[in-house]
Amino acid sequence: MATYQEVRLPAVDRGTRPPRRLLRLPLGRLVSRPTGAIGVGIVLLLLVFAVAAPLLAPFDPIEQPGKRLLDPDSTYLLGTDQFGRDILSRIIYGARVALMVGVISVSIALAIGGTLGLISGFYLGVVDTVVQRVVDTMLAFPSLILIIAISSVLGPSMSTAMLAIGLVQSSGFARIVRGPVLVVMQEQYVEAARAIGAHPFTIMYRYLLPNIAAPLIVQTTLAFSGAILAEAGLSFLGLGTQPPDPSWGTMLGDGRKFMELAPAVAVFPGLAISLAVLGFNLLGDALRDVLDPTLRRR
Amino acid sequence: MGNYLLRRLVQVVPTIVGISILVFGLMRFLPGDIVSLMVNPDNPMPEDQRETLRRMFGLNEPIYVQYLRWVGGIARGDFGVSLRMSTPVTSLLFQRLGVTVELALLAVAFSALIAVPLGVLAAVRPNGISALSAQVLGLVGLSFPSFWIATMLLLVSSLYFDWQPELIWISPFDDPIANAQQMFLPVLSLSLALIAVVMRMTRSAMLDTLSQDYIRTARAKGHRERIVIWRHAFKNALIPVMTVIGLQIGGLLGGAVVIEQIFGLPGIGWLILNAIYQRDYPVVQGGVLFVAVGFVLINLLVDLLYSYVNPRIRYS
């Protein structure tokens with residue numbers, strides 16, 4: 001650690017002034033690597049599906065226009081399900097469910113876990129001990145089992161699934177945030193901010209948060225894939241999104257009873273889940289490589 | 001070692017207490033209480049009878065008394081009684097334990113058998129086909145949900161191989177071959193994610209150790225490359241791999257819930273899930289607690305193994 005007597009010319013500027021912008025996202029470097037490009041591509045595709053679902057989907061996702069369990073043909077590109085609904089349209093609308101679950105669960109996790117991690121690393125002492133013991137307890141559960149237990153107690157629905165996933169993921173955020181906060185707390189600009197009497201809230205949000213943004217963004221991206229996977233699993237078991245809403249997990253869970261007659265009902269929803277999760281995983285890995293050279297895996 | 005063991009044991013206690021509070025507290029969020037869940041809505045019970053039942057279950061006592069009573073029961077091996085089956089939860093749990101343990105053990109063994117050599121190979125030959133396939137497998141394994149893999153395996157085996165799994169679980173002690181046939185697909189679908197994680201960890205740990213000075217020394221001494229890789233590098237790379245396997249057991253137990261359901265294997269996950277469907281909350285409560293505490297104890301065991309293999313941990 002640097003002391004005040006040391007004179008390190010280039011470091012003075014870097015060490016005393018916090019970065020202005022929250023984060024400079026090197027998009028060029030992100031898409032220049034194949035995994036990053038594929039990840040960005042899949043996530044953009046999901047976004048387009050979710051936003052423009054009514055324009056893109058050839059049929060209504062809930063109405064039952066066709067014959068049941070048709071194999072893919074020129075009208076029903078991915079076939080029809082056990083109620084005669086167009087599978088492609090339901091998959092396109094399903095992107096809305098997946099992204100909404102991702103956004104809301106991860107926001108809950110970020111708000112609760114991120115704040116707890118910041119507070120825990122900032123105040124240390126008793127606060128830190130209490131928060132970290134609670135986090136230990138949450139992390140001691142196999143996460144899917146805890147998610148299943150919470151959402152079944154609250155009553156199975158899409159909103160309780162999102163709440164349960166968010167709550168369980170917040171423990172991971174609290175743990176991930178605390179480490180970098182401890183490191184940044186040692187920086188001179190934090191010391192300077194404390195010396196001029198900045199409010200703890202100001203220090204946390206102006207000085208700490210921007211400097212832990214890199215690991216936080218990576219964790220957020222990976223939490224998206226975790227949330228989508230967890231919701232799909234819950235809905236597969238009938239404990240998440242309830243029919244007739246087009247959740248990929250529900251489609252797979254309900255459709256699999258008919259898959260020997262029409263494999264499409266089980267194949268395509270599962271592919272959609274896998275692709276979405278793969279997209280966020282690739283994006284998260286690429287972001288980690290680009291943003292955080294110290295965490296780079298070989 | 002004894003000192004370290006004691007320290008780790010003491011650290012586990014608050015976690016287990018926390019787990020029990022969380023599980024107990026969770027069940028208090030249920031709408032209504034156990035009595036209202038037991039009562040058939042078509043045939044409502046008079047209020048005074050409900051009151052008697054509540055008193056019987058101790059529901060009129062303060063919440064901390066109820067908690068202590070529950071924890072005290074568990075300490076004596078009493079997890080309560082199933083609402084639907086009128087069987088003690090403890091005996092239900094122990095009946096189902098074997099299936100889940102077998103599934104998890106086989107999945108860990110199978111994954112290690114595939115993932116460790118592949119990870120080593122990918123690290124030793126970073127430009128070879130094995131490195132590429134390791135990368136692809138690593139991403140696919142982490143992204144494809146086990147329940148979809150399981151569904152696809154069932155689909156393919158029934159469509160093309162005309163294979164139907166036995167509906168009743170056969171113990172490996174009764175008929176090992178029938179059991180193996182039955183467990184093969186569940187283990188395979190549960191293993192994929194574990195293979196991905198273990199392989200990535202093996203690869204990066206091997207790359208780490210291969211760049212160490214003692215590896216250069218070993219090579220400089222003129223050891224054959226095979227000895228350098230397996231005796232000098234691999235042994236040291238194994239330590240983080242062990243930890244990651246321990247940490248993945250939580251994911252494995254979660255995945256087992258879904259896999260047991262798909263294949264109709266009567267394990268702990270199957271028990272918890274069906275208790276949820278039937279609103280049999282004493283079973284849910286006991287099952288979740290049982291699994292979480294088991295997971296903590298497994299991680300403790302992994303930690304102790306870890307410190308046995310790597311003495312530096314003990315003295316830090």
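Predicted model: local features only at pLDDT ≥ 70, side-chain atom pairs only at ≥ 80, totals over all residues.
Me: What makes up chain A, helices or strands?
Reply: Chain A has 13 helices and 0 strands. Read from the N terminus, its elements run α-α-α-α-α-α-α-α-α-α-α-α-α.

Me: Why are helix 10 and helix 12 of chain B called roughly antiparallel?
Reply: Helix 10 (residues 225-263) of chain B packs against helix 12 (residues 281-309) of chain B at an angle of about 175°. Angles over 145 degrees count as roughly antiparallel, and therefore helix 10 and helix 12 of chain B are described that way. Their axes are 9 Å apart.

Me: Which residues of helix 10 of chain B meet helix 12 of chain B?
Reply: From helix 10 of chain B come Ile239(B), Met242(B), Thr243(B), Gly246(B), Ile249(B), Gly250(B) and Leu253(B). Among those they meet in helix 12 of chain B are Val291(B), Phe295(B), Asn299(B) and Tyr306(B). By class, the residues of this contact are 11 nonpolar, 4 polar and no charged.

Me: What makes Asp280(B) count as buried?
Reply: A residue is buried if 20 or more other C-beta atoms lie within 10 Å of its own. Asp280(B) has 21 within 10 Å, so Asp280(B) is buried. Asp280(B) lies in the loop between helix 11 and helix 12 of chain B. Leaving aside residues up to four places away in sequence, Asp280(B) touches Ser82(B), Leu83(B), Arg84(B) and Ala275(B).

Me: How far from Phe173(B) is Asp280(B)?
Reply: The two are 107 residues apart in sequence and, from C-alpha to C-alpha, 31 Å apart in space.

Me: Why is helix 12 of chain A said to be largely enclosed?
Reply: Helix 12 (residues 248-255) of chain A has 8 of its 8 residues buried, so the rest of the structure largely encloses it. Trp248(A), Met251(A), Leu252(A) and Asp254(A) are among the buried residues. Their cover includes helix 5 (87-123), helix 11 (213-236) and helix 13 (264-291) of chain A, together with helix 7 of chain B. In chain A as a whole, buried residues make up 49% of the 298 residues.

Me: What is known of the largest nonpolar core?
Reply: This core has 167 residues, and those with the most contacts inside it are Ile145(A), Ile147(A), Ile228(A) and Val198(B). Helix 5 of chain A gives the largest share, 17 residues. As for Ile228(A), the residues it touches include Ala98(A), Val101(A), Ile273(A) and Val277(A), not counting residues up to four places away in sequence.

Me: How do you know that chain B touches chain A?
Reply: Residues are in contact if their C-beta atoms, placed from the backbone, lie within 7 Å. By that test, 38 residues of chain B are in contact with 35 residues of chain A. Elements that each supply at least two residues to the side of chain B that touches chain A include helix 1 (2-27), helix 8 (176-210) and helix 11 (268-277) of chain B. That side has 28 nonpolar, 10 polar and no charged residues.

Me: Where in chain B is confidence lowest, and where is it highest?
Reply: Confidence is lowest in helix 2 (residues 34-38) of chain B, at a mean pLDDT of 69, and highest in helix 5 (residues 89-124) of chain B, at 91. Chain B has a mean pLDDT of 85, with 93% of its residues at 70 or more. The model scores ipTM 0.85 and pTM 0.86.

Technical notes: Residues numbered from 1 in each chain as written. Chains lettered and ligands numbered in written order. Axes fitted to C-alpha atoms, helices over the stretch in contact; angles between N-to-C directions. Helix = DSSP H or I, 4+ residues; strand = E, 2+ residues; numbered from the N terminus. Parallel < 35°, antiparallel > 145°, perpendicular 65-115°, else oblique. Contact = placed C-beta atoms within 7 Å. Nonpolar A, V, L, I, M, F, W, Y, C, P; charged D, E, K, R; others polar. Buried ≥ 20, exposed ≤ 12 C-beta atoms within 10 Å, placed from the backbone. pLDDT = per-residue confidence, 0-100. Core = buried A, V, L, I, M, F, W, Y, C linked by C-beta atoms within 7 Å.
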